[in-house]
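Visitor: I'm new to this structure and would like to learn how to read it. Could we start with the pockets and then look at how the helices pack?

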Amino acid sequence: MVTLDFKTLTVPVGILRISAVIFTCVTFSLVASQGHLWLSFWSWCMFSWCFCFSVTLIILVLEFTSLSSKLPISWDDFTTAFAMLASLMVLTASILYSAFYSSSSGKDIAACVFSFLTFILYTVEVGLTRAKPGEISGFLSTVPGLLKVLEAFVACILFICVDTAGLHKNLPGLQWCIAVYAICFIFSLLVIILTICRLLSRFRATIGKVLMVCNVLAVLMYITAAVIWPYYTFKDYPRPSYCPLDCWWNYSLVITFMTCFNLIAYIVDMVYSSKLAFFITPT
C-alpha cells in the first residue's frame, strides 16, 4: 500500500534533491534553447544533465510514496552511489561545456553557473549520506565504496578518450594499458552491482581480504599503465604545431593525467580499506 511521506521532502537531503532537479532542468533547458549541436561532448553534457534530473526525480517520487522500502535492492547504497556518480557526471559536463561550447551569451553563462551549482548540491548530498566511522552502513556509503564509484567513472572517461583520440592501439604497451583499465573497471563495477543487489554481504567472511588483494593488484597494474602510456604515446609523437582542444595529443595527455588520478584513488582505497572501521551489514 502506498503511503505518502512528506518528511522525505523536508529533510536536508530531500531539499538538496529537489534543488538538484530544478537546477538540472534549468541547465539542460538553457543549453537546448541555444541549438542542437549533436557533437559527442555536447551530447554527453546533455545526457548527464537529463540522466541526473530523471533519476533524482524518480528517487524523490519513490521515497515520497514509500515505494523505495519495497524494492529488492539496498536503497541507501543505491542513492549514495548515484549521488557520487551524479556529482562526477555533472562536474565533467560543466567543465566540458564551459571549455568547448560556452560563449559570452547570457544563456550559456547561466547554464554553466547552474551546472556547477548542481555539482555542489550532489557533493553536499554525498557528504550527508556518507557513513561515519562506527556506523552500521552499506558498503557504498563508506569511503572505499564511494572510491569504487569514482574509479569506475574515471575508467569510463579513459575508455571514451582512448576511443575518441584514435591512438595507436596496435602497440603492445597501449593494449596492456587498455587491458588494465578494463580489468579494474570490471572489478569495481562488480563490487557496486553486488552491493546494490544485496549480495556482497553473503561474502562477509572473505570480502575484506578479497577487496584488499584486488586493490593491491589494481595499484600495481595502474603503476605500469602510468609509466607505459606516456612512454609509448609521447616518445615518438611530439605535440603537433597545430593542436586544438580536440587534438589527439591533448587526449593522450588527459589519459595520462586520468591514469595517474585513478592510481591515486586506488592507493587511497587500498590504504583506507586496510583500516576500515565500519560494520557492513545487509540493508
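Guide: Happy to. Let's begin with the second largest pocket, which is lined by 17 residues; Ala81, Leu85, Val149, Leu189 and Ile192 are those nearest its centre. Keep in mind that this is a predicted model.

Visitor: What is the volume of the second largest pocket?

Guide: The general idea first: rolling a probe the size of a water molecule over the atoms shows where empty space is left. For the second largest pocket, the volume comes to about 360 Å³.

Visitor: And how many nonpolar, polar and charged residues are in its lining?

Guide: The lining of the second largest pocket has 17 nonpolar residues, with no polar and no charged ones.

Visitor: Now the largest pocket. How much space lies in it?

Guide: About 650 Å³. There are 24 residues lining the largest pocket, and the closest to its centre are Thr92, Ile95, Leu96, Ile157 and Val254. Two or more lining residues come from each of helix 3 (40–64), helix 4 (75–101), helix 6 (143–165) and helix 9 (248–274).

Visitor: Which helix supplies the largest share of that lining?

Guide: Helix 4 does, with seven residues. Sorted by class, the lining of the largest pocket has 20 nonpolar residues, three polar and one charged.

Visitor: Let's move on to helix packing. At what angle do helix 3 and helix 4 pack?

Guide: Look at the angle between the axes and at how far apart they are. Helix 3 and helix 4 pack at about 150°, and their axes are 9 Å apart. Since angles over 145 degrees count as roughly antiparallel, helix 3 is roughly antiparallel to helix 4. Their crossing is left-handed. By class, the contact of helix 3 with helix 4 has 23 nonpolar, four polar and one charged residues.

Visitor: What about helix 2 and helix 3: how do their axes cross?

Guide: Helix 2 covers residues 12–33, and its axis comes within 9 Å of the axis of helix 3, crossing at roughly 150°. That angle makes helix 2 roughly antiparallel to helix 3. Helix 2 passes helix 3 in a left-handed crossing.

Visitor: Which residues make the contact between helix 2 and helix 3?

Guide: On the helix 2 side they include Gly14, Arg17, Ile18 and Phe28. From helix 3, Trp42, Trp49, Phe53 and Glu63 are among them. The contact of helix 2 with helix 3 has 15 nonpolar residues, four polar and two charged.

Definitions and conventions
Residues are numbered from 1 along each chain as its sequence is written. This is a predicted model: local features need pLDDT of at least 70, side-chain atom pairs count only at pLDDT 80 or more; totals for chains, interfaces and linings use all residues. Side-chain values use heavy atoms; hydrogens and water are left out. On a 1 Å grid over the protein atoms alone, a cavity is a set of points where a 1.4 Å probe fits but cannot get out, and a pocket is an open set with protein on both sides within 12 Å along at least five of seven lines; lining residues have an atom within 4 Å of a point. Grid points are joined across faces, edges and corners, and a volume is the space filled by probe spheres set on the points. Helices (H or I, at least four residues) and strands (E, at least two) are DSSP runs, numbered from the N terminus. Ala, Val, Leu, Ile, Met, Phe, Trp, Tyr, Cys and Pro count as nonpolar, Asp, Glu, Lys and Arg as charged, and the others, Gly among them, as polar. Axes are lines fitted to C-alpha atoms, for helices over the stretch in contact, and angles run from 0 to 180 degrees between N-to-C directions. Angles under 35 degrees count as roughly parallel, over 145 as roughly antiparallel, 65 to 115 as roughly perpendicular and the rest as oblique. A crossing is left-handed if the near helix is turned anticlockwise from the far one by less than a right angle, and right-handed if clockwise. Contact means heavy atoms within 4.5 Å.
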